[in-house]
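Please open the model in a viewer and keep the selection panel at hand.

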Amino acid sequence: MIKLSQVNKRYPDGHQALHQVSLDIAAGEMVFLTGHSGAGKSTLLKMMAAIERPTSGSVLVAGQNMASLKPVAIPFLRRNLGLIFQDHKLLFDRSVFDNVMLPLSIIGYPPKEAAKRVRAALDKVGLLDREKALPITLSGGEQQRLCIARAVVNRPSILLADEPTGHLDAEYAEEIMQLFKAFNQVGSTVVISTHDEAILTRYGNRRLHLDKGRLVA
Ligand SMILES: Nc1ncnc2c1ncn2[C@@H]1O[C@H](COP(=O)(O)OP(=O)(O)OP(=O)(O)O)[C@@H](O)[C@H]1O
């Protein structure tokens, strides 16, 4: 489902964030991405989401090569991707409900059914009672949960999450992990970067470990 071959990423300032990374993630797999701060975890996830392009090498996601994907094709690709990144990119002038509705509105989902799905997603992340709130009035952890609801609402086949439990207390972190696991159990491919040893120990999934931009396990 996700296959990287000899991927190098050098940022415009000359910093080489990834060195010759090759990996294969099967459809329906759930894997963890680990490594020290600055190891290249976010960069790797951004390659998979076509947010950043590799300097060389190929990044195949659901059969499409991210390295040569035309900009016009990106919105279509993203329909199959649930993205949970640190810069939430929430719409701060829209309600919690509207933020989660957006991915469904874009694909023209019937409004009544969409509203049901939005509320189910908000319920799963514990934000149902905040549906009318503006994101600015939410705490950091609540904004993170909102971002997760928005990412899962259209049931994407691939979920990419960068430190999704970073700002959450243990109880919510566990609930979010259960949500990802449930997603994975119905067939989604899930890639999660994390530093959280408790989660890594509890969930025995395969780990991809980066060290200074190189994949070492
Ligand atoms: N846009 C950019 N321009 C230049 N260098 C960058 C850019 N983004 C990231 N880097 C650098 O690339 C390296 C890898 O960064 P990245 O954010 O991928 O690491 P990370 O493993 O996700 O770290 P953390 O756990 O702290 O989030 C770091 O040295 C970082 O400073």
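Which residues surround the ligand? Select Tyr 11, Asp 13, His 15, Ala 17, Gly 35, Ser 37, Gly 38, Ala 39, Gly 40, Lys 41, Ser 42 and Thr 43, which form its surroundings; a residue counts as near a molecule if its C-beta atom, placed from the backbone, lies within 6 Å of it. The model is a predicted one, in which local features need pLDDT of at least 70, side-chain atom pairs count only at pLDDT 80 or more, and totals for chains, interfaces and linings use all residues. Residue numbers start from 1 along each chain as its sequence is written.

Colour this shell by class: three residues are nonpolar, seven polar and two charged. Here Ala, Val, Leu, Ile, Met, Phe, Trp, Tyr, Cys and Pro count as nonpolar, Asp, Glu, Lys and Arg as charged, and the others, Gly among them, as polar. Helix α1 (residues 41-48) gives the most to the shell, with three residues. Helices are DSSP runs (H or I, at least four residues) and strands likewise (E, at least two), numbered from the N terminus.

Next, select residues 2-216, which UniProt lists, in an unreviewed entry, as "domain: ABC transporter"; such positions are given in the numbering used here, feature names are shortened, and annotations may be inferred rather than shown by experiment. The end C-alpha atoms of this span lie 18 Å apart, and the span is 34% helix and 25% strand.

Turn now to helix α3 (residues 96-106) and helix α4 (residues 111-124), which pack at an angle of about 120 degrees with their axes 9 Å apart. Axes are lines fitted to C-alpha atoms, for helices over the stretch in contact, and angles run from 0 to 180 degrees between N-to-C directions. The two helices are therefore oblique to each other (angles under 35 degrees count as roughly parallel, over 145 as roughly antiparallel, 65 to 115 as roughly perpendicular and the rest as oblique). To display the contact, select Val 96, Phe 97, Val 100, Met 101 and Leu 104 of α3 with Ala 114, Arg 117, Val 118, Ala 121 and Leu 122 of α4; contact requires C-beta atoms, placed from the backbone, within 7 Å. By class, nine of these residues are nonpolar, none polar and one charged.

Val 96, Asn 99, Val 100 and Pro 103 of α3 meet Leu 146, Ala 149 and Arg 150 of α5.

Key: Two residues are in contact if their C-beta atoms, placed from the backbone, lie within 7 Å.
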